[in-house]
Every structure is written in structure tokens, then in C-alpha cells.
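Hi there,

Here is the structure I promised to pass on.

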Amino acid sequence: MSSDDSRHRLTVVIAGHVDHGKSTVIGRLLAETGSLPEGKLEQIRALCQRAGRPFEYAYLLDALKDERAQGITIDTARVFLNTPAREYLVLDAPGHVEFVRNLVTGAARAEAGLLVIDAHEGVRENSRRHGYLLGMLGVSQLAVIVNKMDLVGYDEQVFRRVAAEYTAFLAEIGLTPASVIPVSAREGANLATRSERMTWYDGPTVMEALEGFHGAVAPSSAPFRMPVQDVYKFSGNGDDRRIVAGTVESGSVTVGDEVVFYPSGKRARVRTVETFAAEPPRQAEAGQATGFTLDEQIYVTRGELVARAGQPQPEVTSRLRVGLFWLGRRPLVPGREYLLKLGTARVPVQVETIHRSLDAASLEVRSPADAVERLEVAECTLALGRAIAVDPVTRIPATARFVIVDRYDIAGGGLVREALTDPQRPLRDRILLRNYKWETSFIPAERRAARYRQQPTMLLLTGPREVDRKRLAKALESRLFEEGQIVYFLGMANLLYGVDSDLGREAEDRAEHMRRLAEIANLLLDAGVLLLVTAAELTTADLALIRTGVPPERILTVWLGDRAAGDLPVDLHLSERDAAASGVERLRALLVERDAFLGTAGSAFDAS
Ligand code: GTP
Ligand code: MG
């Protein structure tokens, strides 16, 4: 470990059952390490005296918290603890559910954990739940504090009993604490100084245990990861540069580095690193919000993950094996759609399988399970609406962490254990190579969009075989053409007897038909065109393949026909009657609504 790494601030979360003494442990440590603001301790003592109540170290946290809150609600006390060796950020959350929520949503990203157990009360359900949760979230550096030893007469036997029970529990879930420490937080025993009442104990004090934890992987040696938050354009005339902005989650990036965007696989070199500082830095590293420009004007979007060429690459998939914790009032069930947020990606998600679900306090297991109830932990396979880039938690925890939203609430969260293969895998590998080898034109996509006054878009018109889609698509093409748009109608038949003439019509050829359709669509979209495609009876699997070859955000799907679209996700469903009466208007309105073009004559489209 370099000296730099040991100076790195360590984030420690303190957990345990209600009233077992978490806040007292921290308050006392703050006081004993001289980490408090000048006069704070005296102020709180005086306050207690005036109010006629006994002084509590736990009040220090409330006092510090109030000072910082200033009108904003914060539910985790964040305190800084300074020792000669380094600085600690200690997170103390009141209440069980808030604590869990903060942990699973990543509000608290702990590198180590202190688990506090009351010697007198012994191991309680949240002692177990929190231990389980920390383990599941990858916080495996733990110290167990058996607190309130003064209440049990500093008895070694009591300590041994509690320690044995809890370490046995941790062992069951694969955790081994670095130390188990008998403490009296109230009396200051074995926190910063060794207790004379417990000479039978020769392990580390809490302070020594903290100093023994090590920080996350040194930022410079970890693979670079930055979820794309936004892509900004310079607005100067003739200035085509774009800034790719985000927060570096891991590793670092330097001017001149080759970077790869996932899931698209597009790549370019970093030309500049941008900040508000007068002197532009040459490098950005983990924890920094930053932006950089590229040497080629490739089209990338929010939600992609940037990695560096030559380093371990993230996985791209639409199926994930995960560990998650559920907080939702409604149970998590297969077949219902939720929203998954991972990095800056937002995708619809369904549970494919619940392999096992367990009550994190009793460790009672149901395997397999048909639902994950509130406050249960589960191992599941998730199926995403489209592929995203992730890392398994063993490689980079920061880009393995996700939350699940049910309606509008964060209802769960967890970590990606494994990126599973999905049916689009073989095609995706070819697309990654295609994008890697892609020759980018000097003309950036924005310039084309501005010139043509439109965003290249693929409108996929599908439905039952017997319904006539082509007439409507051609009518729309004519209408948009008359309005001055660059538009092209492409019927599936135009491919079948041309580009696809070497393929059969059997089921096993279908994926190749779709791949070729996607490749041709991708070329036309790259050329800036509004593309109207008709194809009968498209399935969800077909669409998944097309979305692998064409940027998914550039595709609109319309189902034309009286029969329902099945599970095919569509942007618009038109009955035959509506199509006959106002089909062109409805499709045109959809394109305008999704910003494919402005639809009002005369106004400039994106004049930048
Ligand atoms: P919540 O935040 O409500 O979950 O509680 P907590 O775990 O932060 O506990 P806190 O530090 O507020 O302590 C709870 C009570 O236990 C307080 O009245 C403390 O004074 C008392 N307490 C904490 N540590 C000790 C100890 O070592 N000995 C004794 N006798 N009492 C203690
Ligand atoms: Mg507390």
C-alpha cells in the first residue's frame, strides 16, 4: 500500500440494533481524537446541565447534524474523524429503514463497517440484518463492537457468549470480522484507549481496528469507468466539439487515452479534459465530476459507460444475476415491470427468476421463491428492456450497484454478481467490432441534423400479416418529402429479394434477416435520414436484435392492426380504422412528439 493510499479518506458505516450505542461510540471517538470543533463538547455539556439532563455523547451527533442540515433534510449523520494516520467519514443512520435505504441506494458507500451489539441485550434481529446487508453489498471489512460492557460488569464470559453467537452468524453468510472488541462507549473503554477493567482482552481497540482497515483500490490502478451523464455541445459557430460529462467512478483518464463507450462500442481519443479551472487538467480520476472532448465526433448518449481501451472492459448484457434487498411495500414479483437505474442508465426491468429469497434476520430461506417481500434479501435473474454496460461487483463495485424503482419510489437495490448471456450476444459481439472499426466522417451528426432539420429516426411499422402497412408508410413518406424532410421508405420485400436473396425463409434465418435490416437502417440513420420501415409480425426478439444494431433511442415502433401487439413494446398502436382515417397525421405527430423533426415550417431546427 502506498503512503498516498493510506492517506486516502476511509468511509466507515456504523450499524446495529436500535439503542445499542452507535451514536455514543462515534460521539466518544470524536471527542477522544480531538475531531470536534473548538468548544463543541463544552457547549453540549452546558446545554445538558441547563436542561437538567445527563450529558450524552450521542447528542454531539445531533448537534453536528443540526448545524449542517440548515433546512435540508438529511437522514444520515456524516461526521469526520481525524487521526494521525488518516481521515474517516463515519456514517450513522437513525432508524433501521433509513439505514438500509441509504446503504442500498448508494447514498452511503462504505469501505468498512462497525457493527455494534449491546452486551446486555445480545444479538438482535437488526444486528443480523445489518451484518447480512453489509456482506451482501460487498462491505466485507468489519469490526464487531460488543458495547455496554459496564452493564455486565466487564465480564469476559458475557463477552465471549455474544462474540461467539455473532461470529457464528457472520460465518454462515461468509463473513469474518477483523476483530470483535469489548467496549464501554459511555466509559470510553477500548475506544481510543485500552481499558483497565478488561485486562483479559488483548485484541485491538476500536481506533486500532479502524487504522487496520484498508481503503478501496488505489484510484490510478483500477480500470477507468465513467457513466455518461450528458453530452454538451459547444455553441460557437463552426465549433463542433462536444463535452462528454459525468463523474469518474473508478480509475482515471488522461489526455491522449483511447476510450470506449458501452454498450455501443464506439471509440475515440480524449483530446482535452475540461473543468472550470483556469488551467485545464490533463487527468481526471475517481470521485471527480468532469468532462472531456474527443478527437472524433462520435455519437454517444447519456446512459453509456466509458472505459479505457487496453483495460478490463465492462460487460454488456440484458440479463443480470444480482443480489438485492427489497424495501417496497408491494413485493417484488416476476412479470411486473420496474425501472432499473444503474449509473446513468435507466431501463425497464422484470424479474426472470427469484433463485432464493431470505429473511435477512432469521436467515430463513425460500428457494425458489415467487416473490421478494419487504426487508427480504434475494438472489435473482433480471431481464432488462435493453442491454446496458455493467461490471460484476467483484471487479468494480461502483458500476455494479443499482436501484429498482417501483412506480416513483426506490423500492430496492443491490449489486450485479454476474453478467449473464442473452440471445443478442452473438450479434452484439459483431456490432462491437463494427463500431470499433467504424470510420467516422468529418461531419458530426449534429451538423447533419441541423442541415436536414431532423434527427435521424427509424419508424418501424409492423402488425398482422394481412394488414396493409405499405400504403400508409408510402403516404407518410410523400407527406414528409413534400414538407422538405429527408425521408425514405424501406419495405422488407426490398431486402428479401436483394440483400437477403441468399437467405431462406426458415425460422433459423430470421435473426440474419434482422441483422441485415439493422445494418442497413444503421447506415441510413448515419446518413441522417428519417427511415420508414414496414415488416409483418415483428416479435419482441426481432426488436431486441434490431435494437442491438441500431441505437435504441432512435427507433420508434408502431403496431398497425386491430389485434393486440402481444408483448412487443410499441410507441403507438393504430387500429385499422384509425389508420385509414388519420394514419399519416398520427404517425407524423408521433415523429414530432419524439423530436424527430419540428413539424412547423420555417423555424430552424437546432441552429447550433
Ligand atoms: P439509535 O440511533 O436510536 O439506533 O441508537 P444508538 O445505537 O445510536 O444508541 P445511542 O448511542 O443513542 O445509545 C443509546 C443509549 O445507550 C443511550 O442512552 C446511551 O447513553 C446508552 N449507552 C451507549 N453506550 C453505552 C455504554 O457503553 N454503557 C451504558 N451503560 N450505556 C450506553
Ligand atoms: Mg443513534
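Arg225 forms a salt bridge with Asp391, with 2.7 Å between the closest N and O atoms (the term means a side-chain nitrogen of Lys or Arg within 4 Å of a carboxyl oxygen of Asp or Glu). Asp391 is buried too, with a relative accessible area of 0%.

A word on conventions: this is a predicted model, where local features need pLDDT of at least 70 and side-chain atom pairs count only at pLDDT 80 or more, while totals for chains, interfaces and linings use all residues. Residues are numbered from 1 along each chain as its sequence is written, chains are lettered from A and ligands numbered from 1 in the order written, and side-chain values use heavy atoms, without hydrogens and water.

Another pair is Glu585 with Arg479, whose closest N and O atoms are 2.4 Å apart. Glu585 is partly exposed at 41%, and Arg479 is partly exposed at 29%.

Arg588 also forms a salt bridge, with Glu483, at 2.7 Å between the closest N and O atoms. Arg588 is buried at 12%, whereas Glu483 is partly exposed at 27%. Shared partners also join Asp500, Asp502, Glu512, Arg515 and Arg516 into one salt-bridge network.

Over the whole structure, the search finds 35 salt bridges.

Best wishes

Note on methods. Buried means under 20% relative accessible area, exposed over 50%, partly exposed in between (1.4 Å probe, protein chains only).
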